[in-house]
Amino acid sequence: MKKLVVFILVFSLFVSCKKENRPEKPQNLIPKDKMVNIILDMSILTAAKGVNRVALEDKGIMPEDFVYKKYGIDSLQFAASNNYYAHHIQEYEDIYLIVNDSLKAMKDRLKTEQDEVFEAKRKKDSIAKAEKMKTPKSSEGKVAPKVHADSLKQKK
């Protein structure tokens, strides 16, 4: 009886370790560089849809359809290519590392541009404020005469 249990366990182990059937390479496989661009665009549009979904839907914009049309593919071709790359882990990881790096670079570039715009506005506001302080007006709306520090000193 013990031998039978051991045999069943060993047989089950071999059967469970059977090699997975990987999908064959599709004839119309999307190249890796194009797949990177597609996934990058889909990521950006999906994020935009998450932020303001109602506005996109009101305009009839469907992110996936836009990307498919832009790259001249259909959903079936994308699904087959995505499935193929998903079963080839190293290639899939390479694609997503490039997508991730591209998204980080875009974020950094936008942050830099935003900081530059903020700094320019801050300088403009400071100059405008300084100009206002430079020429004080009297209560009648006329420019008050400038007073020099020497004239304020008392003579002894």
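This briefing describes charged and aromatic side-chain pairs in the structure above. The model is predicted, so local features need pLDDT of at least 70 and side-chain atom pairs count only at pLDDT 80 or more, while totals for chains, interfaces and linings use all residues. Residues are numbered from 1 along each chain as its sequence is written, and side-chain values use heavy atoms, with hydrogens and water left out. A search of the whole structure finds five salt bridges, and the count of aromatic pairs comes to three.

**Terms**

- A salt bridge is a side-chain nitrogen of Lys or Arg within 4 Å of a carboxyl oxygen of Asp or Glu.
- Rings of Phe, Tyr and Trp (its six-membered ring) form an aromatic pair if their centres lie within 6.5 Å; planes under 30 degrees apart count as stacked, over 60 as edge-to-face and the rest as tilted.
- Buried means under 20% relative accessible area, exposed means over 50%, and partly exposed lies in between (1.4 Å probe, protein chains only).
- Helices are DSSP runs (H or I, at least four residues), numbered from the N terminus.

**Salt bridges**

- Side chains of opposite charge can pair when their charged atoms come close.
- One of the salt bridges joins K32 and D94, at 3.5 Å from N to O.
- K32 belongs to helix α2 (residues 32-51) and D94 to helix α6 (residues 89-134), so this pair ties together parts that are 62 residues apart in sequence.
- K32 is partly exposed, at 31% relative accessible area, and D94 is partly exposed, at 26%.
- A salt bridge also links K111 with D115, whose closest N and O atoms are 3.2 Å apart.
- K111 and D115 are four residues apart in helix α6, a separation of about one helical turn.
- K111 is partly exposed at 46%, and D115 is partly exposed at 38%.
- R122 and E119 form a salt bridge with their closest N and O atoms 2.5 Å apart, and they are three residues apart in helix α6.

**Aromatic pairs**

- Among the aromatic pairs counted, Y68 and F78 have ring centres 6.1 Å apart and planes at 45 degrees, so the pair is tilted.
- Y68 lies in helix α4 (residues 63-71) and F78 in helix α5 (residues 75-86), so the pair ties together parts that are 10 residues apart in sequence.
- Y68 and F78 are both buried.
- Y92 and Y96 form an edge-to-face pair, with 5.1 Å from centre to centre and 70 degrees between the planes.
- Both Y92 and Y96 lie in helix α6, four residues apart.
- Y92 is buried, at 18% relative accessible area, whereas Y96 is partly exposed, at 37%.

Definitions and conventions: Helix = DSSP H or I, 4+ residues; strand = E, 2+ residues; numbered from the N terminus.
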